[in-house]
Amino acid sequence: MEPAIQLSFQSGGKKPRRRVSFNRGGRGEAKRPALLLAAVGGAETERDETAAAASSGFSGALGAPGPAMAAPCLEDPSLERHFKGHRDAVTCVDFSLNTKQLASGSMDSCLMVWHMKPQSRAYRFAGHKDTVTCVNFSPSGHLLASGSRDKTVRIWVPNVKGESTMFRAHTATVRSIHFCSDGQSFVTASDDKTVKVWSTHRQKFLFSLSQHINWVRCAKFSPDGRLIVSASDDKTVKVWDKTSRECVHSYCEHGSFVTYVDFHPSGTCIAAAGMDNTVKVWDMRTHRLLQHYQLHSAAVNALSFHPSGNYLVTASSDSTLKILDLMEGRLLYTLHGHQGPATTVAFSRTGEYFASGGSDEQVMVWKSNFDVVNYGEVPRVQRPPATLASSSRTLPEVDSPVPPDRGRSQESMQSQPQEPVSIPQTLTSTLEHIVGQLDVLTQTVSILEQRLTLTEDKLKQCLENQQLIMQRTPP
C-alpha cells in the first residue's frame with residue numbers, strides 16, 4: 001500500500017509546512033475486492049482492486065472500469081485563509097451559494113459572516129443567548145439560518161444590518177438546521193428527541209418527526225427534498241418520507257452516538273459519522289453498508305461530500321481533517337491545522353474550497369486542488385423522484401478498520417472471475433427473513449438498552465432527592 005499524503009499546517013500561518021510526504025494515492029485497507037453497485041438496472045460488477053489502484057480506472061458516469069490511463073497531476077490541498085474573531089470554540093461553518101461569504105457559529109453565542117474577498121470586514125451577528133450550534137445558507141444565499149442552545153432558530157439577512165426573525169418550538173438545544181433545495185422549508189434537529197420541519201416564508205413550524213429515543217444531533221434534506229435523514233444519540237440513523245411523515249428505514253450499525261449524517265449528491269447514498277471514530281456509507285436502495293472507515297483516533301464530529309460525489313472530508317476530535325476518495329475507497333490526505341478538536345467542516349457549493357472550524361476558535365479555508373475538474377460548471381438538473389434507483393454515481397464496497405497512515409500496509413486483494421452460483425429461491429427468502437428478524441432484534445435490544453439507561457438515571461435522581469429530603473428533615 002502506498003501511504004497517503006499527510007500535510008501539517010501551522011495554525012495562523014500563511015504557508016503550509018509539509019510534515020511528512022508520502023506517495024500520493026494510497027489505498028485504504030480494503031477487506032475485500034471493490035464491489036461496484038451499478039446505479040442503472042441494479043446490476044453488480046466486480047472489479048479487480050489491483051486495477052483500481054493502478055490508474056484512475058473509471059470511465060463514464062457509472063464509474064465502470066475503463067482503460068488504463070495516466071492519472072491527472074493533482075496538487076495538495078492548501079490553506080488559503082484563516083479567520084480569527086470568535087471568542088470561543090467554533091461549532092459550525094457553511095458557504096453561501098456563490099462562495100463569496102462564509103458563515104460560522106461559536107460557543108461565544110455569535111454568528112460571524114466572513115467575506116472571501118481580501119480586506120473585507122466580517123459581520124458579527126448577536127441575538128442568540130447561548131452557543132450557536134448550527135448555520136446554513138439558503139439555496140439562494142439571501143438568507144442564513146442558525147440554531148442555538150437557547151432552544152431557538154433564527155433566520156438572518158446576511159448583510160451589515162443583520163436583521164433576524166426568531167422561531168421557537170423546540171424544548172431543548174437545537175443541534176442542526178438545513179434548508180430544502182427549493183428554499184421553501186428547512187429542517188431542524190434537537191435534544192428534545194425530535195426532528196421538526198418549518199416553512200421559510202410563512203415563518204411557522206409545520207410538523208415533527210418523533211421516533212428517536214435520545215438526542216437528535218443532525219437532520220438533512222435529500223437533494224430532491226423528498227426525504228429527510230437524521231442521526232441520534234440512540235445510535236441510529238433514520239430516513240423519513242417528508243410527505244407521509246413516516247420513518248421508512250433505520251440504520252443501526254453504529255456502536256455509539258451518531259454525530260453527523262448527510263446525503264451523497266446523487267441522493268442514493270448517505271454517510272454518517274460517530275463517536276465510535278467511524279464513518280459509514282450506506283446504499284439507500286438496498287440499505288446495504290457500502291463503506292466503513294475507521295481512520296480517526298477520536299470521535300468524528302462532521303463530514304461533507306464534495307459536489308462531484310467522489311470525495312468526502314471529515315473533521316475529528318483527534319484535531320485532523322481527512323479527505324477520502326470514495327470511488328477508490330482510500331484515504332487521500334490527513335490535514336493538521338487546528339490546535340485541538342476539529343469540530344466542523346464543509347465544502348463550498350462548487351467544491352473549490354472547504355472550510356473547517358475547531359476548539360482553537362479559528363475558521364480555516366482550504367483550497368481543494370486535488371480535484372482538477374471544475375464541478376461548478378456541471379449543469380444543475382432537476383432531481384428525479386426519490387426512488388433511489390436513478391443515480392449516476394457508484395461507490396465501491398470498502399471496509400477500512402485500521403488507519404492506513406499508521407504505517408501498516410496490506411497488499412491489494414486480487415479478485416478472480418467466478419462462475420455465477422445459483423441459489424434456490426426458498427433459501428434466498430429464508431435468509432432474507434432471518435436478516436429482517438435480526439434487524440428487528442437489534443433495534444429492540446437498542447431500545448431496551450436506552451430505556452434501561454433512562455430508568456437508571458431516574459432511579460439515581462430519586463435516590464439523590466431522597467437523600468436531600470432526609471438531610472433537611474430534623475432528627
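What follows is a list of selections, with what to look for at each.

**Before you start**

This is a predicted model, in which local features need pLDDT of at least 70, side-chain atom pairs count only at pLDDT 80 or more, and totals for chains, interfaces and linings use all residues. Residues are numbered from 1 along each chain as its sequence is written, and side-chain values use heavy atoms, with hydrogens and water left out.

**Stop 1: the whole chain**

Show the chain as a cartoon. Its secondary structure comes to two helices and 35 strands. Helices (H or I, at least four residues) and strands (E, at least two) are DSSP runs, numbered from the N terminus. Of the 475 residues, 52% are buried. Buried means under 20% relative accessible area, exposed means over 50%, and partly exposed is in between (1.4 Å probe, protein chains only).

The accessible surface is about 22,500 Å², and carbon and sulfur atoms hold 51% of that. Areas come from the Shrake-Rupley method with a 1.4 Å probe; for residues, only the protein chains shown count as cover. Among contacts with a separation of 6 or more, 52% are between residues 24 or more positions apart. A contact means heavy atoms within 4.5 Å.

**Stop 2: His170**

Select His170, in the loop between strand S15 (164-168) and strand S16 (174-179). Is His170 buried or exposed? His170 is buried, with a relative accessible area of 4%.

The His170 side chain makes a polar contact of 2.7 Å with the side chain of Thr188. Another, of 2.9 Å, goes to the side chain of Asp192. A polar contact is a pair of N or O atoms within 3.5 Å; within protein, one must be able to donate a hydrogen and the other to accept it, and residues adjacent in sequence count only if both atoms are side-chain atoms. Leaving out residues up to four places away in sequence, His170 touches Lys151, Thr188, Ser190, Asp192, Thr194, Lys196 and Trp198.

**Stop 3: Ser222**

Move to Ser222, in the loop between strand S20 (216-221) and S21. Ser222 is buried at 4% relative accessibility. Its side chain makes a polar contact of 2.7 Å with the side chain of Asp224. Beyond neighbours within four places in sequence, Ser222 is in contact with Leu227 and Phe263. Now put a distance label on Ser222 and Thr268. They are 46 residues apart in sequence, and their C-alpha atoms are 9.1 Å apart.

**Stop 4: Asp233**

Select Asp233, in the loop between strand S21 (227-232) and strand S22 (237-241). Asp233 is buried, at 2% relative accessibility. Which side chain is joined to that of Asp233 by a polar contact? Arg217, at 2.4 Å. Show the surroundings too: not counting residues up to four places away in sequence, Asp233 touches Asn214, Trp215, Arg217, Phe257, Val258 and Gln450.

**Stop 5: two positive phi values**

Most residues other than glycine have a negative phi. Select Ser319: its phi is positive, about 80°, although Ser319 is not a glycine. Ser319 sits in the loop between strand S29 (311-316) and strand S30 (320-325). Ser319 is buried, at 17% relative accessibility.

Next, take Glu361. Its phi is positive and near 75°, again in a residue other than glycine. Glu361 is in the loop between strand S33 (353-358) and strand S34 (362-367). At 32% relative accessibility, Glu361 is partly exposed.

**Stop 6: the cysteines**

Select Cys92, which is buried at 6% relative accessibility. Then select Cys252, partly exposed at 22%. Its closest cysteine sulfur, in Cys247, is 9.2 Å away, again too far for a bond.

**Stop 7: a nonpolar patch**

Select Leu427, Leu431, Ile434, Leu438, Leu441 and Val445, which make a nonpolar patch of about 530 Å². Patch residues have over 30% relative accessible area and no salt bridge; like charges are joined within 9 Å, nonpolar side chains (Val, Leu, Ile, Met, Phe, Trp, Tyr) within 5 Å. A salt bridge is a side-chain nitrogen of Lys or Arg within 4 Å of a carboxyl oxygen of Asp or Glu. Zoom in on Val445, in helix H2 (residues 425-472). Val445 is partly exposed, with a relative accessible area of 48%.

Technical notes. Disulfide = S-S within 2.5 Å.
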